[in-house]
Amino acid sequence: MALRESGIEWTHYSGNAWIGCTAVGPGCNLCYANARFAKRLRMVEWGAGKSRHKVKGFAANVRKASRQAADLGGRQRFFVNSASDTFDNEVPDEWREEVWATLRQTDHLDFILVTKRIGNVAKMLPEDWGVGYSNTWLLATMVNQEELDRDMPKLAAVPAVVRGLSIEPIMGPVDLSKWLHLLDWVIIGGQSQQMGDAEPLVVEYEWVRALIDQCLAAGIAVFFKQWGTGHYPRGGNVIDGEVIEMFPNPCSGTPSPAPWQRDRRVAAANR
Ligand code: SF4
């Protein structure tokens, strides 16, 4: 069985080259990283003009995860910068260089980059990015139709072996029909409330159902992560008796849920 060293359901590992960020849109308003690392741990101040906290040992942590993946005889997923944004323009380019060098040197991991700053990506990618590093998946977060209409052309313009969309927290109904042919993976999730923060937005069933159906009809791998804490019953990720957790297959370009993922879907249906 695969090791899981991250609480985030769609990755095995997560790690940060730095911590800290600035809110850039409505999807940031209950930011988990801000709540944990700035408000609770006071490790860093959040926002524009505040120094980001450089994490020592990022590359070593990645190497360790890669060795573990090799011991398991397969590839595992590693979410890079879960408490920051790789394409933050307040971070020096040398910090990003460390990330690129680490990605280039790692054999047994598939890296997942998720950004809310898709407009910065093209100018911040390394020179040897080419059609995309073969082990790196690029996702942009867009939380409503307005962001989608504004940002999907930017995501579409960036080459990547796996191009994905994180619609988390989903903040309204979303029509993906114009863009589905450009996507390999879509993650959907409701909002989680952080301690002391405002109430999360309540996710409407129809928003999630319609989005999942659009992806399934187009053959796009889709992962429904959670209803969020604004939903009753709280949390959970069962929809119409199913857990839908699919991953893209970067080798064939065909969405392909692994056997254990299909098992989980059946188990949920029988609960
Ligand atoms: S971009 Fe991500 S890490 Fe940065 S403030 Fe928004 S939610 Fe938090």
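This is a predicted model: local features need pLDDT of at least 70, side-chain atom pairs count only at pLDDT 80 or more; totals for chains, interfaces and linings use all residues.
Close-up 1. Strand β5, which covers residues 109-115, holds Thr-115.

**Close-up 2. The side chains of Thr-115 and Asp-85.** Look here for a polar contact: the side chain of Thr-115 meets the side chain of Asp-85 at 2.8 Å. Leaving aside residues up to four places away in sequence, Thr-115 touches Asp-85 along with Phe-87, Val-121, Leu-139, Ala-140 and Thr-141.

Close-up 3. With a relative accessibility of 15%, Val-114 counts as buried, because the limit is under 20%. Residues that Val-114 touches, again not counting those up to four places away in sequence, are Trp-10, Phe-79, Asp-85, Leu-139, Thr-141 and Ser-166. For anyone tracing the chain, Val-114 and Asp-85 are 29 residues apart in sequence, while their C-alpha atoms are 7.4 Å apart in space.

Close-up 4. The ligand takes up the space of the largest pocket. Around the ligand you will find Cys-21, Thr-22, Ala-23, Cys-28, Cys-31, Trp-46, Lys-116 and Arg-117. By residue class, this shell comprises five nonpolar residues, one polar residue and two charged ones. Lys-116 and Arg-117 are the charged members, and Thr-22 is the polar one.

Notes:
Residues are numbered from 1 along each chain as its sequence is written. Side-chain values use heavy atoms; hydrogens and water are left out. Helices (H or I, at least four residues) and strands (E, at least two) are DSSP runs, numbered from the N terminus. A polar contact is a pair of N or O atoms within 3.5 Å; within protein, one must be able to donate a hydrogen and the other to accept it, and residues adjacent in sequence count only if both atoms are side-chain atoms. Contact means heavy atoms within 4.5 Å. A residue is near a molecule or strand if one of its heavy atoms lies within 4 Å of it. On a 1 Å grid over the protein atoms alone, a cavity is a set of points where a 1.4 Å probe fits but cannot get out, and a pocket is an open set with protein on both sides within 12 Å along at least five of seven lines; lining residues have an atom within 4 Å of a point. A molecule sits in a cavity or pocket if more than half of its atoms lie within 2 Å of its grid points. Buried means under 20% relative accessible area, exposed over 50%, partly exposed in between (1.4 Å probe, protein chains only).
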